[in-house]
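Biologist: Can you take me through this one? I'd like to start with a pair of strands.

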Amino acid sequence: MLTKIQFAPGIDKQNTEYGAEGRWTDSDMVRFRYGLPEKIGGWSKLIAETLIGVVRDMHAWSDLDGIRYMALGTDRKLYVYSEGAAYDITPIRRTSGTLTNPFTTINASAVVTVVDTGHGAQAGDFVTFSGASTINGLDMNKEFEITTYVDANTYKVTYTGSTASGASTGGGSVTATYDINIGLAASAYGYGWGTGTWNTSTWNTPRSTSTVTIDGRQWSFDNFGEDLIATVSGGGTYRWDTSVGTGTPAAIISNAPTVSRFTLVSPTDRHVFLFGTETTIGSSGTADPLFLRFSSQEDYNTWTPKATNTSGSFRIQDGSKIMAAARSRGAILVWTDTSLHGMQFVGPPFTFSLNQIGANCGAVSNHCVKDVNGITYWMSQNSFYMFDGAVKKIPCSVQDYVFSDFNITTQPETYCGLNSEKNEITWFYCSLNAQQIDRYVSLNYLEGSWSIGSLARTTWVDYGVYEYPYATEYSTTATATTPSVLGLTAGASTFFIQEFGVDADGAALDAYVTSGDFDIQDGQELLHIGRGIPDFQNLAGTVDVELKFKTYPASSTSITKTSTISTTTTKFDIRGRGRQGQLTIKSDAIGDNWRFGTLRLDVQPDGGR
């Protein structure tokens with residue numbers, strides 16, 4: 001007798017495989033849409049070049065001439081992508097005066113010692129030399145990564161690919177231009193004085209545990225008209241003027257606070273907000289993680305409140321630091337690590353009002369929030385939430401799976417991406433033992449179904465400015481190619497166009513979805529399946545239909561039967577027997593694509609022999 005085998009949409013990890021009868025229990029590279037599982041879209045490199053460091057935020061916009069841009073901030077660089085190429089617009093921290101003969105070489109060595117009094121650099125920073133004379137065969141008019149910090153006046157660089165032909169000091173009259181200091185590629189526990197509980201362990205011994213987390217480098221971007229406002233976490237706020245061209249670095253906003261966590265521009269009144277910033281502007285020691293400031297209206301360079309402007313500030317009381325902010329429904333929502341607050345423009349003399357609208361619902365990172373048509377979704381430390389006028393916990397059928405395998409230390413790297421064409425919000429996060437993003441959990445916000453899988457995307461931007469979503473992936477072992485830097489250490493990001501084709505940048509995109517167990521009459525009788533009739537939509541290539549049979553939920557062995565389905569397959573023979581069955585749909589070849597419908601199986605009760 002033919003029986004329809006149907007499953008409710010979404011992955012259920014809260015139940016056992018048997019308890020999740022009628023549900024799907026596992027997946028990778030599969031989403032649910034209109035109640036049915038389908039393979040996600042593929043991706044392809046947007047540009048061949050790779051970027052230095054791990055990208056932590058992206059922002060797309062167009063200028064008044066219709067030229068499209070994408071800002072990308074890494075732990076080591078700031079880029080802008082436009083018209084098929086990525087450009088280095090990292091802000092300049094310092095330009096030296098004229099240095100006289102600052103280079104010292106060693107014969108047959110690629111290491112060059114540089115003297116620049118009060119250079120302010122650290123190992124891993126970037127410096128570009130100009131005006132230098134060749135020294136022992138080495139042309140030093142290039143960009144270098146600083147290999148070794150020696151002291152406040154001296155450091156070393158490495159001349160990749162060449163060695164000095166002699167030992168001497170020279171270089172003539174040289175100018176050194178330094179990028180802003182680099183940050184951490186990932187959040188980590190800090191060790192040293194003050195990071196542990198007082199009077200524990202023994203004096204003068206190293207600690208292997210810590211309660212203090214040092215956040216990895218983050219960027220936040222927004223537009224002020226056609227220009228880019230960029231804030232680096234724990235550092236300054238910069239403006240990149242589209243009219244100056246892609247060859248010009250972003251410039252510091254001179255009157256803005258010097259230390260902030262992130263930025264946002266209010267929607268209609270155009271105030272620039274800085275969150276987790278200084279209570280005394282220009283005094284980095286006064287940075288307060290719960291303090292926020294806003295500039296005067298239409299003026300990103302006026303921050304000191306006066307009767308003649310609309311700048312101002314607030315301090316939030318609930319929480320230990322401001323984590324995120326988003327524009328929604330004519331207001332700005334602000335999250336701390338424990339609470340949610342709303343700010344509304346009320347005009348002079350107060351400019352904005354601030355009210356708490358939720359508690360015990362904090363955000364885990366700067367970029368874990370997405371607003372969709374006035375409804376805001378975010379990830380907290382142990383739940384998912386939404387705000388549609390009231391704070392609500394989102395029912396989540398994979399909650400234990402996600403939060404029991406969630407790296408607390410690297411929570412600040414969590415990134416939320418919107419795929420509005422598929423009605424999908426995805427949180428990319430680090431699993432328990434990962435130092436970089438390796439997992440995702442997705443919510444179809446119209447249907448309420450969840451999916452899970454492994455995909456290392458550090459950032460994601462929805463289609464709109466560009467016709468497809470864009471995303472980035474980070475490799476700790478690859479060496480970046482743009483810009484060209486001598487002595488560059490490993491760590492590079494690849495820029496992808498997403499939902500493009502059906503393959504993983506030319507390789508097979510493996511995908512599967514697995515059901516919970518199904519049976520006959522609650523397992524009173526064994527079942528026998530002799531044949532099946534497949535039902536697929538958008539099928540390309542082949543798909544494997546796999547059925548596993550076992551006698552009891554705790555049985556350690558099972559019988560697996562697999563049939564390969566193509567567009568010409570009308571039926572398949574399976575011949576399996578057991579008290580309960582489990583279905584898996586999977587594909588693993590280049591060009592495969594599918595959307596699963598309703599499987600019909602010839603199911604008969606069988607004897608217990």
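Modeller: A325 stands opposite V334 in β32. The model is predicted, so local features need pLDDT of at least 70 and side-chain atom pairs count only at pLDDT 80 or more, while totals for chains, interfaces and linings use all residues. Residues are numbered from 1 along each chain as its sequence is written, and side-chain values use heavy atoms, with hydrogens and water left out.

Biologist: In which sense do β31 and β32 pair, and over how many bridges?

Modeller: β31 and β32 (residues 331-336) pair in the antiparallel sense over 6 bridges. Strands here are DSSP runs of E of at least two residues, helices are runs of H or I of at least four, and both are numbered from the N terminus. Two strands pair if DSSP finds at least two bridges between them.

Biologist: What is the strand order in that sheet?

Modeller: The open sheet has 4 strands in the order β31-β32-β33-β34, with antiparallel pairing. β31 (322-328) and β34 (351-359) are at the edges with a single partner strand each, so one side of each has no neighbour in the sheet. On average, neighbouring strands of this sheet are turned by 25° against each other, direction ignored. For such angles, axes are lines fitted to C-alpha atoms (for helices over the stretch in contact), and angles run from 0 to 180 degrees between N-to-C directions.

Biologist: And how many residues lie between β33 and β34?

Modeller: The two strands form a hairpin with 3 residues between them. β33 (residues 339-347) pairs with β34 in the antiparallel sense over 8 bridges.

Biologist: New topic. How many aromatic pairs are there?

Modeller: The structure holds 34 aromatic pairs. Rings of Phe, Tyr and Trp (its six-membered ring) pair if their centres lie within 6.5 Å; planes under 30 degrees apart are stacked, over 60 edge-to-face, and the rest tilted.

Biologist: Why is the pair of Y377 and Y445 called tilted?

Modeller: The ring centres of Y377 and Y445 are 5.9 Å apart and the planes are at 40°, so this pair is tilted. Y377 is in strand β36 (residues 375-379) and Y445 is in the loop between β41 (439-444) and β42 (449-453), 68 residues apart.

Biologist: Are those two buried or exposed?

Modeller: Both Y377 and Y445 are buried. Buried means under 20% relative accessible area, exposed over 50%, and partly exposed in between (1.4 Å probe, protein chains only). Y470 and F495 form an edge-to-face pair, 5.6 Å centre to centre with 80° between the planes. Y470 is in β44 (residues 470-475) and F495 in β45 (residues 492-498), so this pair ties together parts 25 residues apart in sequence. Y470 and F495 are buried too.

Biologist: Which ring does the charged end of K77 sit over?

Modeller: The charged end of K77 sits over the ring of F126, 4.5 Å from its centre. The charged end of R270 is over the ring of F224, 4.3 Å from its centre. The test is NZ of Lys or CZ of Arg within 6 Å of the ring centre and within 35 degrees of the ring normal.

Biologist: Last one: what does the secondary structure of the chain come to?

Modeller: The protein chain has 1 helix and 55 strands. Buried residues make up 54% of its 609 residues.
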